[in-house]
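Colleague: Could you walk me through this model and tell me what stands behind the terms you use?

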Amino acid sequence: MLMLGAHCPNPQSSIPNPQSAIPNPQSAIPNPQSAIPNPHNTVLIVGAGPAGMMAAISAARAGARVTLFERMDRPGVKLLATGGGRCNLTNTLAPEAFLERFGRHGKFLRPALAALDQRALLDFFNQLGVRFHAEDGLHYFPASESAASVRDALLAELRRLGVPIVCRAESLSLWMPQGQLKGLRTPSGDVAGDCAVLAAGGKAWPSLGSDGSGYALAAQAGHEIITPVPALAPLVTGEKWPTRCTGIVSPGARLRIDLPKRSRQGVQGDLLFTHRGISGPAALDISGEVSGLLMERDNVPLRVHLTDEPSVEIWLSRLRKWRESRPKKFLRSLVAEVLPAALAEALCEEAGVEPDLRAAHVTRSQCLGLAGLLAAAPLTITATEGFGKAMATRGGVNLREVDPRRLESRLLGGLYFAGEILDVDGPCGGFNLQWAFSSGFLAGLSAAEETAEYLGRGVRLFPL
Ligand SMILES: Cc1cc2nc3c(=O)[nH]c(=O)nc-3n(C[C@H](O)[C@H](O)[C@H](O)COP(=O)(O)OP(=O)(O)OC[C@H]3O[C@@H](n4cnc5c(N)ncnc54)[C@H](O)[C@@H]3O)c2cc1C
């Protein structure tokens, strides 16, 4: 194992004994439960992604002695890849609208978001010297346009707080003699700790670190793991016409699952056609639900609204008008007035319209076929592109077994969870990183024996 950290300069040195770590300057903050300062809680954190690093910072700032364990050879590898290397940290949505986008799990997120909302997260980074802007009025990116500035700020703060990071830490398990949490078992020996925070992520994009191995630790404590499936993943279509439009973006498309009892609303956003089917925010946002359905059925029917007009009748009357008023125009050129040219051509072909067919010669059945596709084209999803290309995981530690107010296990005292390891996934647009940081913040504080009541009395750990 390799250890990084300001007070652990020798990379060959073994795992530090957290009991002998340097006292933390924040340790003077009293514990509200005992009214006696409790600076000696030892918190062991598994996973140095955004959730784990934030948990380490909040626990250390609250006075705990913290050690962070990471299976990769560097911390925060996935963080560097976020937002195409630019890191879409969070967004400008009001808290209620933000929570709504997490669907039925939104309620679970409420205490963590209350502890560290978007404004507080931006303030936190501002204090660490990283500025953000939301140029489109919605998505926050660092002014540096570099995810590295976010990761480096976290590492600098961890260094300042004296938190050692043990890298290449594989094969960890909980050390729980007689069913009580005593720390972590590692191949190099047991490490004592009062609390452990599991922040090992899910299974998405395993080459960036999170390979699902964290679930085994949660399961060791008796936690149910809701079967993880890829979310925010590109989709594979049975139809071939999308693949003929590879690289084309259809802005503001609407996608919905064409099955009974599924939302008629669906999702809306840019849709990117790929060599295997569809991607882009609209496809990615619906992929978690599609993945879940693909566990029960061979394929999932979708309807894609590529134009603003969802009525077949209105498209039929437009096509009729075109036939009368612009008879010499190629039909595909007319359709290309409302859709990108390659897409117009692919839809015409799908409706059986030859490329050089003029509007005057279009048949009634061709009109019907084309009107249907322009109103709501059917697509059959046969698969997702899998965890290898997924940006999030749907499934994970069952939320029913975790107290959302402290993010503590209801099954094993002293065990906490943060980030994607839990059964929480949000859409594209800074939702998942905000969740990782908010939950990391709350889990770290809770593990350091702070309480929600304590925060509620107005004691501010952020800003420092
Ligand atoms: C390509 C890509 C781009 C993305 N872009 C964005 C974006 O712009 N905005 C956004 O909001 N979200 C984005 N996401 C999602 C976001 O990155 C994740 O939701 C977030 O990183 C989850 O944080 P986490 O700390 O819970 O897990 P992770 O970031 O996965 O971190 C978990 C860490 O734990 C380590 N680990 C795993 N198992 C073990 C173990 N057994 N022992 C020790 N260590 C372990 C891993 O190596 C990893 O470093 C993106 C995801 C991907 C893949």
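Predicted model: local features only at pLDDT ≥ 70, side-chain atom pairs only at ≥ 80, totals over all residues.

Colleague: What makes a stretch count as one of the 14 helices or 22 strands in the chain?

Modeller: Helices are DSSP runs of H or I with at least four residues, strands are runs of E with at least two, and both are numbered from the N terminus. By that rule the chain has 14 helices and 22 strands.

Colleague: Which helices give two or more residues to the shell around the ligand?

Modeller: Of the 40 residues around the ligand, Gly47, Gly49, Gly201, Gly209 and Gly419 come nearest. A residue belongs there if its C-beta atom, placed from the backbone, lies within 6 Å of the molecule. The elements that give two or more residues are α1 (50-61), α2 (77-81) and α13 (431-447).

Colleague: How do you know which residues make the contact between α1 and α6?

Modeller: Two residues are in contact if their C-beta atoms, placed from the backbone, lie within 7 Å. Met53, Ala56 and Ile57 of α1 meet Leu154, Glu157 and Leu158 of α6 that way.

Colleague: And what share of the 464 residues is buried?

Modeller: Buried residues make up 49%, where buried requires 20 or more other C-beta atoms, placed from the backbone, within 10 Å of the residue's own.

Conventions:
Residues numbered from 1 in each chain as written. Buried ≥ 20, exposed ≤ 12 C-beta atoms within 10 Å, placed from the backbone.
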